[in-house]
Amino acid sequence: TFRRPRSRALAEANMKLLKKFTVIGKRKRSFRFTITIHGVENLPNDSSPVYCRCVRGNRTHNTKVAVPVGKRVLWRNEQFNFVGTLYETKSNSFAKKMMMFKIRSQKEGEI
């Protein structure tokens with residue numbers, strides 16, 4: 001049975017240990033990724049400046065702040081470059097990894 005840890009440090013240590021077990025038997029592969037952000041549509045009618053935030057693990061990348069025109073905002077050549085480690089399974093597929101994209105208002109936070 002799993003018991004709730006008594007401290008945050010112990011909880012973090014348990015999570016690191018669980019992550020190590022999830023990659024047993026998988027081959028570690030590193031890849032270079034480039035993600036290009038072109039624009040966002042269907043924004044609220046508020047004309048406050050926005051930016052896009054890409055979050056993966058403990059890494060965060062932000063675009064430059066841009067002012068929407070109507071319900072749309074465009075960026076030029078906004079790229080996020082990073083190296084990511086993926087784990088290949090015995091069936092030659094890769095384990096899933098999460099990545100989040102958030103559109104944030106410069107003055108208020110997430111939209």
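A salt bridge here is a side-chain nitrogen of Lys or Arg within 4 Å of a carboxyl oxygen of Asp or Glu. The model is predicted, so local features need pLDDT of at least 70 and side-chain atom pairs count only at pLDDT 80 or more, while totals for chains, interfaces and linings use all residues. Residues are numbered from 1 along each chain as its sequence is written, and side-chain values use heavy atoms, with hydrogens and water left out.

**View 1. Arginine 27 pairs with glutamate 88 in a salt bridge.** The closest N and O atoms are 3.9 Å apart. Arginine 27 lies in strand E1 (residues 27-40) and glutamate 88 in strand E4 (residues 73-88), so the contact ties together parts 61 residues apart in sequence. Strands (E, at least two residues) are DSSP runs, numbered from the N terminus. Glutamate 88 counts as buried, at 11% relative accessibility. Buried means under 20% relative accessible area, exposed over 50%, and partly exposed in between (1.4 Å probe, protein chains only).

**View 2. Arginine 29 also forms a salt bridge with glutamate 88.** The N to O distance is 3.0 Å. Arginine 29 sits in E1 and glutamate 88 in E4, so this pair joins parts 59 residues apart in sequence. Arginine 29 is partly exposed, at 29% relative accessibility. Arg27, Arg29 and Glu88 are linked in a network of salt bridges.

**View 3. Glutamate 41 and arginine 72 meet in a salt bridge.** The N to O distance is 3.7 Å. Glutamate 41 is in the loop between E1 and strand E2 (50-56), and arginine 72 in the loop between strand E3 (59-62) and E4; the two are 31 residues apart. Arginine 72 is partly exposed, with a relative accessible area of 42%. A search of the whole structure finds three salt bridges.

**View 4. Phe31, Phe33, Phe82 and Phe94 form one aromatic cluster.** Rings of Phe, Tyr and Trp (its six-membered ring) pair if their centres lie within 6.5 Å; planes under 30 degrees apart count as stacked, over 60 as edge-to-face and the rest as tilted. The whole structure holds three aromatic pairs. One of them, phenylalanine 31 with phenylalanine 33, is tilted: 6.3 Å centre to centre, 50° between the planes. Phenylalanine 33 is partly exposed, at 32% relative accessible area.

**View 5. Phenylalanine 31 and phenylalanine 94 form an edge-to-face pair.** The ring centres are 5.6 Å apart and the planes stand at 85°. Phenylalanine 31 lies in E1 and phenylalanine 94 in the loop between E4 and strand E5 (100-105), so the pair ties together parts 63 residues apart in sequence. Phenylalanine 31 is partly exposed at 27%, and phenylalanine 94 is partly exposed at 35%.

Definitions and conventions: Helices (H or I, at least four residues) and strands (E, at least two) are DSSP runs, numbered from the N terminus.
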